[in-house]
Amino acid sequence: MSPFEHGEVFVLDDGGEVDLDLGNYERFLDVTLTKDNNITTGKIYQAVIDKERRGDFLGKTVQVVPHITGEIQDWIERVAAVPVDGKEGSADICVIELGGTVGDIESMAFIEALRQFQFRVGSENFCLVHVSLVPVLGVVGEQKTKPTQHSVQELRALGLTPHLLACRSAQPLEHSTKEKLSQFCHVPAAHILSIHDVPNIWHVPLLLKNQKTHLAILRGLNLSNRLHPELEEWTRRAERCDSLSIPVRIAMVGKYTGLSDSYLSVLKALQHASIACSRKLSIEWVAATDLEDSTRNETPDTHASAWSVLRGADGVVVPGGFGGRGAQGKILAAKYARESNVPYLGICLGMQIAVIEFTRSVLGLENANSTEFEPDTPNPCVIFMPEVSKTHMGGTMRLGSRRTYFQTPDCLVSKLYQTETFVDERHRHRYEVNPKMVSNLEKAGLRFVGKDETGQRMEILELPGHCYYVGVQFHPEFKSRPGRPSAVFLGKCAFQKCLRL
């Protein structure tokens, strides 16, 4: 999945690389999902092929129906029985998202599978919520129902009838709009939900509760209507977010700044931390290439504007990424933050960037580099992981939850995590700090306070004397939650002392 086209690749504890939507589910539901919670066409076809090769079908012709559709249903039932909330036993309700648009060729087998599935589990165990856009066209401001009418019509032609309609719109649905949708979509008006724009995302569950969505779903699944959503914490968070007024400006220096979803989990982690610190988050996007000298020569105004944004920020984040484009701009951003005592957080590549900059500026090795950017660099301070294939790119990264051991309890990050021993965080990388350079780097002042179990992989770096200069090889943003912000994003007092407010 290209970050330019699809947004970030979310990483799960077990190393599964999945769609960013699963990250949203983990954050909102506070669960820990697995790669099996992400069903793709490739996985389904591979499973069916494997069964055929084993002779499971006894020589029968393998077809989309019933074999592919049956495998999808088997997969859903198998995964639904696996607990993801830390409790024993299966969950009461399994949420299944069928992504895409009705009529997409990619989803046809899945739609047919769900059509069969409603009879397999019984109507009292199947509740279909159809999400659709209700646009407003022209100066008249009329809410148009035709897109929803046509999508429901096509969905019903495929054998699925929605129990509820979740209608996205800029403004609350008008009564006449609901009546029209009810008439042409065969859905009760009480089951047509207005999912209109709200001040912040925390209002969405409250919006659904106020429309008695939970009661409609409970009735549809033949469950007790005495159950009530426990949204007191959500309510406080929504109100608190609405009241924030003191800004905190964070410069995000990256290469995928044209699509904010490329760094969605980083943005959410910053949002969680800013709410905890009672600050109103303001993300200042800085394209790394705009900071480089080449941009100054070609488009001076763009270069000057990027540096003005960077210098006006209260903190600098260099997130993960791949490839050499914009690397020099990120190095310049890390140098500015280090020399100007501005809070800096480097994630994955951002940590490696900090090492490159320190090696060049402090150790005086001006040609130091990562072998990812310059394979033949004479001073490789970041290298390819030795056990990883150098000829195959796919499936060769260090993925999933790995343990990082603190080398000393007397370090900032250990105190932030409130543990003196270790922390488990998710990884996604191929390159690492060259262990042969560590001794010289530490003699020059850089501290590697977190390492893996072998002691050869550098996981966390700090710069003593700086107000907040931290690099982590892992991706802490993936485990940040609304009520439990990631420690290194929050930064607590060490971070707040540096805010120029």
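The protein exposes about 24,400 Å², and carbon and sulfur atoms supply 52% of that area; accessible areas here come from the Shrake-Rupley method with a 1.4 Å probe, and for residues only the protein chains shown count as cover. You are looking at a predicted model, in which local features need pLDDT of at least 70, side-chain atom pairs count only at pLDDT 80 or more, and totals for chains, interfaces and linings use all residues. Residues are numbered from 1 along each chain as its sequence is written, and side-chain values use heavy atoms, with hydrogens and water left out.

Let's take the overall picture next. The protein has 19 helices and 19 strands, which are DSSP runs numbered from the N terminus (helices are H or I, at least four residues; strands are E, at least two). Its radius of gyration is 25 Å, close to the 23 Å that the globule rule gives for 501 residues, so the protein is as compact as a globular protein of that length. That radius is taken over C-alpha atoms, and the rule is 2.2 Å times the number of residues to the power 0.38. Buried residues make up 48% of the 501 residues, where buried means under 20% relative accessible area, exposed over 50%, and partly exposed in between (1.4 Å probe, protein chains only).

Now let's visit helix 5. This helix, residues 108-121, has 14 residues and reaches 20 Å from its first C-alpha to its last, close to the 20 Å expected at 1.5 Å a residue; the expected span is 1.5 Å times one less than the number of residues. Its buried residues include Phe 110, Ile 111, Leu 114 and Phe 117. Helix 3 (41-54) and helix 4 (64-80) are among the elements that cover the buried residues of helix 5, with contact meaning heavy atoms within 4.5 Å. Just after the helix, Gly 122 takes a positive phi of about 95°.

Three strands form an open sheet in the order 12-13-16, with mixed pairing; two strands pair if DSSP finds at least two bridges between them. Strand 12 (368-370) and strand 16 (431-433) stand at the edges with a single partner strand each, so one side of each is left without a neighbour in the sheet. The twist averages 25° from one strand to the next, with axes fitted to C-alpha atoms (for helices over the stretch in contact) and angles running from 0 to 180 degrees between N-to-C directions. Strand 13 (residues 379-384) runs antiparallel to strand 16, joined by three bridges; Val 382 has Val 433 of strand 16 as its bridge partner. Helix 15 (residues 349-361) packs on this sheet and touches strands 12, 13 and 16, its direction making about 165° with that of strand 12.
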